[in-house]
Amino acid sequence: MNRVTYDAVIIGGGMSGLMAALALAGKGKSVAVVSKGDPVCCLSTGCIDVLIHENNPLAGIVSLPENHPYRLVGEETVSASLEMFIKIMRGTQSPYCGDTGTNRAILTPMGTKKITCLVPRTMEFADCHSDEYIHIISFNNIKDFYPGYITSSYQNSGRSIFNAEVTSTAAIAERFEEEEFRREFIAWLKDRDIPDGKIALPAVLGTRTTGSIYDEISHELAKPIFEIPTLPPSMPGLRLFRTLKNTFLNMGGSIYWGRDISSVEKLGTQLEALTLSNKGRATRIQGKAFILATGSFVSGGLYAAMDSIEERVFGLPIHMPEERKHWFKENFFTTGHAIEKAGIQVDSSFRPVDAPYENLFACGSILAFSEVMKYGCGHGMAIATGFAAAQKCEEYIQ
Ligand SMILES: Cc1cc2nc3c(=O)[nH]c(=O)nc-3n(C[C@H](O)[C@H](O)[C@H](O)COP(=O)(O)OP(=O)(O)OC[C@H]3O[C@@H](n4cnc5c(N)ncnc54)[C@H](O)[C@@H]3O)c2cc1C
């Protein structure tokens with residue numbers, strides 16, 4: 001029987017849950033993260049989209065609808081949360097760069113541009129201009145990377161292909177962890193007569209020691225180098241997730257991964273414990289407060305039945321468009337589908353509205369009115385609401 005009572009139990013180990021966990025652990029609180037599986041972050045580019053339709057994403061927050069989660073957090077706290085994120089990543093093998101007040105446009109594997117705000121340092125030079133030369137390095141039979149699209153969009157470009165003897169991005173990234181492989185790759189690159197300009201390659205620069213690999217190759221070639229995120233699952237997203245999870249563990253946090261919640265205990269308006277299903281004995285996790293960060297439909301935090309939408313852990317009330325026929329626009333390939341507004345409504349203390357619990361908080365893409373696709377605010381909103389929910393949770397438990 002687990003007799004520890006954690007200060008906070010976070011349900012869901014995605015960007016929002018891990019940011020809430022890190023914020024609370026950083027304040028000396030005992031924290032457990034309970035997660036059914038790996039989060040959406042592992043499918044992402046690893047870039048932090050804050051609000052893509054404005055040059056200055058922070059300044060754009062005031063013009064969002066009043067019920068958007070960013071409006072509840074407020075510009076100042078959004079900014080503080082992003083600074084905290086940058087600080088956490090600084091001391092790791094996946095440091096981030098960028099200015100929280102300015103968006104940038106990075107190159108995609110299709111040769112188009114993606115607007116984002118904070119990027120892994122390996123993408124610092126990915127904001128390309130048509131007048132500069134870009135040399136694309138590709139790999140024999142690599143999946144999910146299309147250098148031909150890039151070179152056809154950029155007149156001033158060229159490409160070379162290296163044989164890594166493996167073809168998936170994950171396998172190539174693993175090869176970059178080998179010193180001998182890197183030596184061979186660098187020697188091959190030096191032998192190419194690459195004109196002055198930038199060198200770009202798919203995001204395969206390692207899995208664990210990316211910062212050191214990037215520094216070594218940049219130093220040897222003495223040219224600006226950058227990674228281009230590949231299609232999901234992409235290495236930068238995986239690196240980001242693993243770095244946050246390991247940082248939390250290194251701070252003394254507890255993690256219960258890969259198990260379902262089988263029951264919830266409550267006493268009056270207090271949640272007391274969760275029980276995790278197990279093949280052998282069940283695990284009971286007690287907490288003074290709980291933060292729900294189980295994500296949206298992709299991760300199963302929300303579940304769409306025929307005419308209703310359910311929250312899976314507590315059965316909380318959900319804001320949803322009334323009839324199923326109004327969930328989607330006729331043109332599916334546009335943003336702003338009504339279903340994107342579905343989720344849990346929270347008050348200014350990040351407690352779910354109309355829920356009977358005083359020690360439950362919620363954050364991340366499970367929140368109503370987030371419209372992550374429409375506003376391009378995925379990780380940014382997860383970071384900001386995770387941070388804000390942690391602040392409210394801390395006020396409650398102290
Ligand atoms: C394909 C794709 C690419 C994206 N790319 C980008 C990008 O490049 N940049 C960007 O900023 N945003 C991107 N986004 C959006 C962004 O990834 C998400 O908005 C954000 O990561 C959501 O974080 P979250 O913590 O709210 O939820 P999630 O990442 O969904 O995490 C929820 C976690 O809760 C767990 N969970 C669910 N149910 C339970 C349960 N019952 N019990 C315990 N645990 C549970 C899940 O296993 C999961 O680990 C992308 C989204 C997708 C789908």
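Modeller: A residue is called buried if 20 or more other C-beta atoms lie within 10 Å of its own, exposed if 12 or fewer do, and partly exposed in between, with C-beta atoms placed from the backbone. The model is predicted, with local features requiring pLDDT of at least 70 and side-chain atom pairs counting only at pLDDT 80 or more, whereas totals for chains, interfaces and linings use all residues. Residues are numbered from 1 along each chain as its sequence is written.

Colleague: Is Glu165 buried or exposed?
Modeller: Glu165 sits in the loop between strand S8 (157-162) and helix H5 (169-175), where helices (H or I, at least four residues) and strands (E, at least two) are DSSP runs numbered from the N terminus. Its phi is near 65°, a positive value in a residue other than glycine. Because 12 C-beta neighbours lie inside 10 Å, Glu165 counts as exposed.

Colleague: How many C-beta neighbours does Phe333 have inside 10 Å?
Modeller: Phe333 is placed in the loop between S16 and S17, and its C-alpha atom is 39 Å from that of Ala32, 301 residues away in sequence. Phe333 counts as exposed, since the number of its C-beta neighbours inside 10 Å is 5.

Colleague: Which residues are in contact with Lys341, leaving aside its neighbours within four places in sequence?
Modeller: Lys341 lies in the loop between S16 and S17 and counts as partly exposed, because 19 C-beta neighbours fall inside 10 Å. Its C-alpha atom is 26 Å from that of Val33, 308 residues apart along the chain. Two residues are in contact if their C-beta atoms, placed from the backbone, lie within 7 Å. With sequence neighbours within four places left aside, Lys341 is in contact with His319, Pro321, Ala368, Phe369 and Glu371.

Colleague: Which residues around the ligand come nearest to it?
Modeller: A residue is near a molecule if its C-beta atom, placed from the backbone, lies within 6 Å of it. Helix H1 (15-26), strand S2 (31-35) and helix H10 (378-397) each supply at least two residues of this shell. The shell divides into 16 nonpolar, 18 polar and four charged residues, where Ala, Val, Leu, Ile, Met, Phe, Trp, Tyr, Cys and Pro count as nonpolar, Asp, Glu, Lys and Arg as charged, and the others, Gly among them, as polar. Of the 38 residues around the ligand, those that come nearest are Gly12, Gly14, Gly295, Gly364 and Gly378.

Colleague: How many of the 20 residues of H10 are buried?
Modeller: The expected span of a helix is 1.5 Å times one less than its number of residues, so the 20 residues of H10 should span 28 Å, which agrees with the 28 Å between its end C-alpha atoms. H10 is largely enclosed by the rest of the structure, because its buried residues number 15.

Colleague: What is the radius of gyration of the protein?
Modeller: The protein has ten helices and 17 strands. The globule rule, 2.2 Å times the number of residues to the power 0.38, is compared with a radius of gyration taken over C-alpha atoms. For 398 residues the rule gives 21 Å, so the protein is as compact as a globular protein of that length, with a close radius of gyration of 22 Å.

Colleague: How far apart are the centres of domain 1 and domain 2?
Modeller: The domain bounds, which come from an automatic or database domain assignment, are 5-94 + 238-397 for domain 1 and 126-223 for domain 2. Taken over C-alpha atoms, the separation of the two centres is 35 Å.
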